[in-house]
Amino acid sequence: HSITCGGGTGIFLVVTSTYIIVIRGRRACLWGSLYLDDYDEEDRDLKRGKPLYLSEDRFNLLESQWLSHRFAHTKNTWVWHRDSL
């Protein structure tokens, strides 16, 4: 889908951890979470069990990076994948 509709870039939500994975061609990076607790902290892998809320600031940042094609310039933790994510 990312190749056909997104020019090789796709944004995917990992439901079991609330993390966003960005895939650009054969590279991928863990972007972070859009959902934070009352103290603006992520709950990696949902282990703490605290209520999480959609962060408007993070959503707007992700949206602006998507619209401006700025993922390669903002994240430097890219890894190569072999279509096995």
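This is a predicted model: local features need pLDDT of at least 70, side-chain atom pairs count only at pLDDT 80 or more; totals for chains, interfaces and linings use all residues.
**Notebook: core, loop and salt bridges**

I started with I20, which touches I11, F12, L13, C29, L30, W31, G32, L34 and L62, leaving out residues up to four places away in sequence; contact means heavy atoms within 4.5 Å. Numbering runs from 1 along each chain as its sequence is written, and side-chain values use heavy atoms, with hydrogens and water left out.

Next I looked up the largest nonpolar core, and found eight residues: I20, V22, C29, W31, L34, L62, F71 and W78. (A core here is a set of buried Ala, Val, Leu, Ile, Met, Phe, Trp, Tyr and Cys residues joined through side-chain atoms within 4.5 Å; strands are DSSP E runs of at least two residues, numbered from the N terminus.)

Then I checked the salt bridges (side-chain nitrogen of Lys or Arg within 4 Å of a carboxyl oxygen of Asp or Glu). I get four in the whole structure. R48 pairs with D37 at 3.1 Å, N to O. Both sit in the loop between β4 (35–36) and β5 (53–54), so the pair ties together parts 11 residues apart in sequence.

Buried or exposed, D37? I have D37 as buried, at 6% relative accessibility, while R48 is partly exposed at 39%. (Buried is under 20% relative accessible area, exposed over 50%, partly exposed in between, with a 1.4 Å probe and protein chains only.)

R48 also meets E41, at 3.4 Å, N to O.

Methods: Helices (H or I, at least four residues) and strands (E, at least two) are DSSP runs, numbered from the N terminus.
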